[in-house]
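Thanks for sending this one over. Here are my notes, in the order I'd go through them with you.

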Amino acid sequence: MNLIDIVTLALLGNGIFFFFVGTVGLLRLPDVFTRMHATTKCDTLGAASILAGLALYSADFFTGGKMVLIIVLAVIANSTSAHAIARSAYLSGEKPYEGTLEDAYGRDKNDLDT
Amino acid sequence: MLPEIVFITVGIVLAITSFFCLYRAVKGPSAPDRVVAVNVIGTKTLVILVLFAFIYGRTLYIDVAIVYALINFILTLTISRYLEKGVVAI
């Protein structure tokens, strides 16, 4: 068991932890915006962590390069699609739950409308 | 060299958490909840595909994972556009 194996195992464990936290957040949080907040960050970091560990383990230039490509793609795609879902959820009438302290997007929208 | 059982274990744990996400996709009160849950399942499937490449020793699965990431992205953008405007066309 050399150093690369140990680093790969640590990155795999890190990724599983973040995926698990994201799933717990998806199941337990109260409304769609907070669920999205949990899953976007945890999924992006978990997938990037597991893929980085596997790319390090593969020790091949083309395989590792493809996996770095997947990491870049996943980071860009997850953040962009979370933004799109949040915007469409708000504009299609989804309300934040009662404990929300401030609704900045709604306030700005009202300022623009009036 | 790591034994194969490590990758199999990671894949099984991800598959189990995918089933918990499926609960939100079926039950979820609103449409954006379902979209978020399906997006999460897509990301986990992508990682499982890359793990398959290491379990079976074939790099073909990594190319499949790249295409799967692109399809997942397009799917989410299309559904969110439909929810926002009511039409898919630009």
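This is a predicted model: local features need pLDDT of at least 70, side-chain atom pairs count only at pLDDT 80 or more; totals for chains, interfaces and linings use all residues.

1. Residues are numbered from 1 along each chain as its sequence is written, while chains are lettered from A and ligands numbered from 1 in the order in which they are written.

2. Chain B has 3 helices and 0 strands, giving the pattern α-α-α along the sequence. Helices here are DSSP runs of H or I with at least four residues, strands are E runs of at least two, and numbering goes from the N terminus.

3. Chain B is more spread out than a compact globule, because its radius of gyration is 16 Å, well over the 12 Å that the globule rule gives for 90 residues. That radius is taken over C-alpha atoms, and the rule is 2.2 Å times the number of residues to the power 0.38. The C-alpha trace of chain B spans about 50 × 30 × 15 Å along its principal axes.

4. On to the contact, which takes 38 residues from chain A and 34 residues from chain B; two residues are in contact if their C-beta atoms, placed from the backbone, lie within 7 Å. On the chain A side, helix 1 (3-28), helix 2 (32-58) and helix 3 (61-91) each supply at least two residues. Helix 3 of chain A gives the largest share, 16 residues.
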